[in-house]
Structures are given as structure tokens and as C-alpha cells.
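Reader: Could you walk me through how to read a contact between two chains? I would like the general idea and then the case at hand.

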There are 2 protein chains.
Amino acid sequence: MASDIVVDHRDKAISLLKADSDKILKLIQVQMDNLTMPQCPLYEEVLDTQMFGLSREMDFAVRLGLISEKEGKDILSKLERELSALHEAWEKN
Amino acid sequence: MASDIVVDHRDKAISLLKADSDKILKLIQVQMDNLTMPQCPLYEEVLDTQMFGLSREMDFAVRLGLISEKEGKDILSKLERELSALHEAWEKN
């Protein structure tokens, strides 16, 4: 049925975006677990680049009509909260 | 019909990727047309960032099964040829 195909693409898009988001969460978690280690200067750039990449995928999925803007924003804002928690932890350290 | 929906998403994905690729081509063209002007140092970074963004969209569309890897590579390699022509022109200038 046509609606199965649309749902399939939609579900697939959401699961890909969540998987990519989880990869960034893991990067953040590794840093959180190793705060005492000297902060690798490139780490922030890696995180920024990955966040930019994910936001472009998100925007693409929204423009394709596969996810709503809100769904995209929810995934990104969750990550942004984790990122600012990491920045705070870095500053306190 | 189910196949119309699949084709619709596929066509839409390809036209979005081509439109984004054309935006980068225009950025390159502007530089090519203004070679005598002092080269804006940030321009290369803007182009690199845009190329990275497009490659992430491309990869996402391939993983979604909306375009083939070859279709993605064809769009990107055309851009990369234009980019290296621009770099050559910069060096000669």
C-alpha cells in the first residue's frame, strides 16, 4: 500500500537521524567520562562539525517532507543541551 | 500507486540535491568571475563547509535508498572538478 512506503521512508529517516544523533551523544559522553584528561582541542571542532552535518541531514529530511520541523528540532535540542552541559563541565574543570 | 510515492521521494531528493549543488556552483562561479579581486580568505572555508554539508545530505539520501551511490558521486565529482579549476585559477592569479 502507498502509505506503507511513505511510512517506511519516514521511519527509516527518523531512525537514521536518531542513530546519527546517538553517535554524537557517545562522543559527548566519552568527553564527560574523561573530564580530568587534558581536553583535546580538536574535540570541540569535531563535535561542531558533526552537529553541522546532522543539522543538514535534518533539514534535508524536513524539505523532503519525511519528518516535521518539530521532530528535527527535538532531536537537535536534546543534543544541544548535552553539549552545553559538556561545555559547563569543561569550564568548571 | 505505491511506486508513484517512491518515485516522488526519489525525484524530490534528487532535485533538492541538485538545487543545493547549484548553490555551491554559483558560489564557485562568483569567485571565478572575480579572480582579480583579493581572494576572500573565508571563501575557501565557506566552500568546504558547503561541500561537507552536501556530502552529508548525499550520504543520507543514499542510506535512505532514495538515490544510488553513483548518482550521489556524479553530482559531487562534478562540483569537485569545478572547485579544483577554481583553485588552479587562484594559484595562477
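**Reading the interface**

Author: Gladly! Across the interface of chain B and chain A there are nine residue pairs in polar contact, both residues at pLDDT 80 or more; a polar contact is a pair of N or O atoms within 3.5 Å, where within protein one must be able to donate a hydrogen and the other to accept it, and residues adjacent in sequence count only if both atoms are side-chain atoms. This is a predicted model, in which local features need pLDDT of at least 70, side-chain atom pairs count only at pLDDT 80 or more, and totals for chains, interfaces and linings use all residues. Residues are numbered from 1 along each chain as its sequence is written, chains are lettered from A and ligands numbered from 1 in the order in which they are written, and side-chain values use heavy atoms, leaving out hydrogens and water.

Reader: How many salt bridges are there between chain B and chain A?

Author: A salt bridge is a side-chain nitrogen of Lys or Arg within 4 Å of a carboxyl oxygen of Asp or Glu. Here the count is six. One of the salt bridges joins B:R63 to A:D20, with the closest N and O atoms 2.7 Å apart.

Reader: And what area do chain B and chain A bury between them?

Author: The size of an interface is often given as the accessible area lost when the parts come together. With a 1.4 Å probe and summing over both parts, chain B and chain A bury about 2,200 Å², 67% of it on carbon and sulfur atoms. B:R56, B:F60 and B:L64 supply 29% of the area that chain B buries against chain A, more than any other three residues.

Definitions and conventions:
Buried area is the accessible area (1.4 Å probe) that two parts lose on being put together, summed over both.
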